[in-house]
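My entries follow in the order I checked things.

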Amino acid sequence: MKKTQVIVIGGGLAGLTAALHLCKNDIDVILVEKEGYPHHKVCGEYLSQEILTYLDWLKIDISSLNAPQINRMRYSSVSGKTINCDLEMGGIGVSRYSLDHLMYKKLKESGRHIIKTLVTRVDFKNDQFTVTTSNGEIITSEFVLGAFGKRSNLDKKLHRKFIQDQSGWLAVKAHYQTKPEFYPDDLVSLHNFNGGYCGLSKTELKTINVCYLATYESFKNYKNTDDYKAKVLMKNPHLKEFFNNAEMTFDKELSIAQVCFDKKSIIENHILMIGDSAGLIHPLCGNGMAMAIHSAKIASENIILFYEHKYKTRRDIERTYKSEWNYNFSSRIKAGRFLQKILLNTSLSNLSHSFLSKVPGILPMIIRKTHGKQVHV
Ligand SMILES: Cc1cc2nc3c(=O)[nH]c(=O)nc-3n(C[C@H](O)[C@H](O)[C@H](O)COP(=O)(O)OP(=O)(O)OC[C@H]3O[C@@H](n4cnc5c(N)ncnc54)[C@H](O)[C@@H]3O)c2cc1C
């Protein structure tokens, strides 16, 4: 049986960040991730600038990836009417294939324990966690960080409320190649279609990441994603032009079902949830990755304070983490939900489109509501 101070379950951006932050402060960590690295993940791959200083502090050399800087946004309605705006803070276009791998290599370099297996159980008894994995390993710890993403076997095990309901969202992603002049490096575009929206942006691999989110209701009458793409997405003239001039570089698209944007509990059976396990912002806001990384920073800082004897009890750290999480992310998630409602309602979307094009200052203001400030270290 292994023993450690902190077990991190899930090695996506949130889990890798927490493990790196805790290691930097000499806390004993074991990270358990079920998949190998590198691999592609369903994500829009636009990383907000707000988090880059912090990643630099963690010694993640993002510049080594040569990711394109993105500082303009284009939004189009179903019929193809567009609005353009500059992004105040901006970001970079970086594939999850490279970003997660870069962070994983950094953690591995530090000689820390990374176990590739599925966690099947987490128990909390006598102020101690016991984590069981599918290969029969048992690890005990004082803290567990839940970084297992949008939907995991552990959500069921923990009887989390959101997992009881069917969620009506489906997400599909693939990389495409097109002539360099056809899609600019510095642009992230968001195109509406009936039943969802599709984001496009360049990555460091020189490919264009195309990722869309659709309601299951709008998808269910079509045979497959090709059929849906041809008959629904390509009704938007911008998407039609793009797909007619681009070639997919993946063998097949990646997809995930049951994407849930409902409220989740930040603490469950004393596990501190970080990243998407704590809450997922609507992807159109383009800062779920930054929030995942930021929430991992907040949880890690609180664990460090605990070991520096700044908290008397486990209750104190849980209360503080929950209140800091809500302070930093709750209103952004609410703003994202509101925006999503408008975009997916055709008449509201048309109305807001004409309003936004008449008052150009409104769109940057809305973007500001869903984004955080620069995360300092
Ligand atoms: C369609 C879509 C588009 C998006 N576009 C953007 C965007 O453009 N910009 C942006 O900033 N954000 C975007 N996001 C949000 C972003 O992808 C997430 O917020 C981010 O991936 C969260 O990282 P995470 O570490 O919490 O979860 P993940 O990256 O999902 O990592 C969770 C990890 O846990 C592992 N795991 C799960 N269960 C177990 C278990 N039991 N044992 C061991 N390991 C386990 C999984 O294998 C996985 O690697 C988008 C999301 C969606 C759905």
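This is a predicted model: local features need pLDDT of at least 70, side-chain atom pairs count only at pLDDT 80 or more; totals for chains, interfaces and linings use all residues.

I then checked the packing of α8 against helix α9, residues 314–344. The two pack at an angle of about 155°, and their axes are 10 Å apart. Because angles over 145 degrees count as roughly antiparallel, I noted α8 as roughly antiparallel to α9.

Next I listed the residues in this contact. From α8 I found Met291, His294, Ser295, Ile298, Ala299, Asn302 and Phe306. On the α9 side they meet Ile317, Thr320, Tyr321, Glu324, Trp325, Asn328 and Phe329. Sorted by class, the contact of α8 with α9 holds eight nonpolar residues, five polar and one charged.

I moved on to the ligand. I found 42 residues surrounding the ligand, with Gly10, Gly12, Gly44, Gly275 and Gly288 the closest. The elements giving two or more residues to this shell are α1 (13–24), β2 (29–33), β3 (46–48), α4 (153–157), β13 (208–215) and α8 (288–307). Which element gives the most to the shell around the ligand? I found that α8 does, with four residues. By class I recorded 22 nonpolar, 13 polar and seven charged residues in the shell.

Last, I looked at the whole protein. I noted eleven helices and 17 strands. The radius of gyration is 21 Å, close to the 21 Å from the globule rule for 377 residues, so I wrote the protein down as being as compact as a globular protein of that length. Along the principal axes, its C-alpha atoms fill a box of roughly 60 × 40 × 35 Å.

Definitions and conventions: Residues are numbered from 1 along each chain as its sequence is written. A residue is near a molecule or strand if its C-beta atom, placed from the backbone, lies within 6 Å of it. Ala, Val, Leu, Ile, Met, Phe, Trp, Tyr, Cys and Pro count as nonpolar, Asp, Glu, Lys and Arg as charged, and the others, Gly among them, as polar. Axes are lines fitted to C-alpha atoms, for helices over the stretch in contact, and angles run from 0 to 180 degrees between N-to-C directions. Angles under 35 degrees count as roughly parallel, over 145 as roughly antiparallel, 65 to 115 as roughly perpendicular and the rest as oblique. Two residues are in contact if their C-beta atoms, placed from the backbone, lie within 7 Å. The radius of gyration is taken over C-alpha atoms; the globule rule is 2.2 Å times the number of residues to the power 0.38.
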